[in-house]
Structures are given as structure tokens and as C-alpha cells.
Amino acid sequence: MIVFSWQMAEELAAAHMRNLGFERVRRLPDGIDGGIDVTAEGAAAQVKHHAVAIGSPDVQRLRGAAPHAEALLFYSSSGYTRAAKDAADLAGISLFRYTTSNEVFPENRLAEGLVQRSEGDSLLPAIFDAMRASARAGILHDWVNRTMQKNWAKSTRVTSGEITPHMKEIDRLTAFLRTAPAVTAAMEDVARAITDPLRLEAITSSDVDGIKVSAEKLRQATEVLLSLVTIDAKAASSLNSALQRKLESKDYATLRDAGETLGTFAESRSS
């Protein structure tokens with residue numbers, strides 16, 4: 001197949017995502033993408049069939065278009081600027097470049113990890129996947145905890161008659177009180193998943209399956225918590241910014257370097 005139109009490019013991206021192991025992949029109808037061209041279970045992708053390299057604004061808009069997607073993929077026929085690659089690394093977006101002859105190539109480390117994962121077990125991508133899942137879960141947990149504390153404080157002031165909120169605010173606080181026990185239980189599950197001692201044990205013993213199981217527990221606990229809380233566009237943007245700051249922090253860089261050293265050493269021993 002020769003890719004000569006944006007429609008064919010989207011079909012190529014959908015086929016590539018299936019090859020990567022994503023399930024329920026489908027190309028969205030023309031004209032209603034809202035920044036998303038292909039979706040899958042837990043994933044979303046944007047496809048650009050342009051002659052000019054993709055810049056950072058396009059990459060950043062993809063994260064805003066699908067704030068809850070676990071995996072984000074970007075496909076471009078013209079490659080990416082350095083700024084776009086930096087933005088993608090911070091936002092957790094896998095970059096791919098495709099050619100008119102139906103070839104697709106990874107353009108950053110996250111994309112390489114997806115390819116390696118589809119081709120077989122690989123320790124290093126599993127470590128980075130678990131680290132990112134832990135960072136995302138921790139940020140969500142802290143945000144929900146702060147939100148809960150604010151809502152409890154406001155509920156107490158309403159109950160005591162200190163303030164008289166509008167009807168819409170009363171409805172919101174009533175919904176909060178109704179879901180608070182379930183949210184609290186979900187937060188406890190997330191906290192346990194974050195501090196799971198089996199993950200560190202699996203990393204130090206180069207147990208790829210164990211790392212993947214731990215990361216999946218993190219994702220599942222995070223998704224349950226997400227299903228119980230309301231995150232508007234402003235909050236989603238704030239959470240994404242917090243995740244970016246976490247991923248570019250010195251502490252995370254130290255962990256990433258340690259994971260890369262450990263993963264590289266373990267893989268060299270097995271080869």
C-alpha cells in the first residue's frame with residue numbers, strides 16, 4: 001500500500017496500533033476527531049500527513065485532547081522538531097514516523113518501548129512503564145486527597161451553618177458525601193499499589209513478568225479511583241502539568257538513570 005492521503009495514513013496508524021498489541025482499535029469518522037484520529041482500549045492516537053516537521057504545540061494538544069488515555073501515540077509523515085520530542089517525553093507520548101511505502105519507525109524512547117513490548121519481553125521498557133505508572137498514580141492520589149480535604153472542610157462549614165451555599169454547591173457536596181467511602185477505599189488501594197514491595201523485588205531480580213503485574217495493579221487501582229471522581233478540563237490540565245514536573249524532576253531522573261543502568265546490566269547478563 002502506498003500512503004498518499006491522510007485517510008490512508010490513519011488506516012496505517014490503526015493497523016500499526018493493532019500490531020503493537022492494542023485492542024479495539026478503530027479509526028474515528030472523518031471530521032469529528034477533536035484532535036484524536038484513532039482510538040483503542042486505553043489509548044488514543046493522532047495522525048498528521050504533513051510536509052513540515054511536527055512542532056511541540058501539536059504534541060502538547062494531544063495530551064489535552066485525551067487526558068485520561070493511558071497510552072498516547074503520534075504518527076507523522078514528516079518527523080518532529082527537537083522541541084516536539086522533548087514535549088512528548090515529558091507528556092508520555094510515543095512518537096512514530098511513517099513513510100509513503102507503508103513503513104513505521106519509532107522516534108523516541110517511549111515508542112521504542114512499545115515496539116519492544118510487542119516483539120517480546122524486555123526489562124528496560126517494563127521498568128520505565130512501572131515508574132511512570134507509579135508517578136501518575138501518586139499525583140492522582142495526592143490531588144484526590146487534597147480535594148477530599150477541601151470538600152470535608154466545606155461540608156463541615158455548611159453543616160454548622162457557617163456558610164449557606166447555592167443549590168448547585170449543595171448538590172455537589174451531597175454527591176461527595178455519598179461517594180466519599182468508595183473514594184477513600186480506592187485511595188487506599190492506590191497507596192498500597194504505589195508502595196508494593198513486590199515491584200522493587202521484581203526490578204532488582206530482573207523479573208519482567210513481576211514488574212508488569214505490579215504496573216498493571218497500579219493502573220487498575222488508578223482507573224478505579226478515576227472512575228469515582230470528577231476531573232474537569234482545568235483539573236486535568238493541572239494534573240498533566242504536575243506529572244510533567246514529576247517526570248523532569250531531579251529525583252525522577254535519578255530513578256530513571258538507576259533503572260536504565262539496572263535494566264541494561266541485567267539484559268547484558270542474559271545475552
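This is a predicted model: local features need pLDDT of at least 70, side-chain atom pairs count only at pLDDT 80 or more; totals for chains, interfaces and linings use all residues.
The protein comprises 271 residues, 46% of which count as buried. Its secondary structure consists of 10 helices and six strands. Among contacts with a separation of 6 or more, 63% are accounted for by residues 24 or more positions apart.

One cavity of 30 Å³ or more is present in the structure, and the volume of the largest cavity is about 230 Å³. Its lining is made up of 16 residues, with Pro67, Arg136, Leu239, Asn240 and Leu243 lying nearest the centre. Two or more lining residues come from each of α5 (123–159), α8 (208–228) and α9 (233–247). In terms of class, nine residues of this cavity lining are nonpolar, three are polar and four are charged.

Among the open spaces, the second largest pocket has a volume of about 670 Å³. It is lined by 20 residues, and those closest to its centre are Trp143, Thr147, Asn151, Arg172 and Thr230. At least two residues of the pocket lining are supplied by each of α5, α6 (167–194) and α9. The greatest contribution is that of α5, which gives seven residues. The lining of this pocket divides into 10 nonpolar, five polar and five charged residues.

Conventions: Residues are numbered from 1 along each chain as its sequence is written. Side-chain values use heavy atoms; hydrogens and water are left out. Helices (H or I, at least four residues) and strands (E, at least two) are DSSP runs, numbered from the N terminus. Buried means under 20% relative accessible area, exposed over 50%, partly exposed in between (1.4 Å probe, protein chains only). Contact means heavy atoms within 4.5 Å. On a 1 Å grid over the protein atoms alone, a cavity is a set of points where a 1.4 Å probe fits but cannot get out, and a pocket is an open set with protein on both sides within 12 Å along at least five of seven lines; lining residues have an atom within 4 Å of a point. Grid points are joined across faces, edges and corners, and a volume is the space filled by probe spheres set on the points. Ala, Val, Leu, Ile, Met, Phe, Trp, Tyr, Cys and Pro count as nonpolar, Asp, Glu, Lys and Arg as charged, and the others, Gly among them, as polar.
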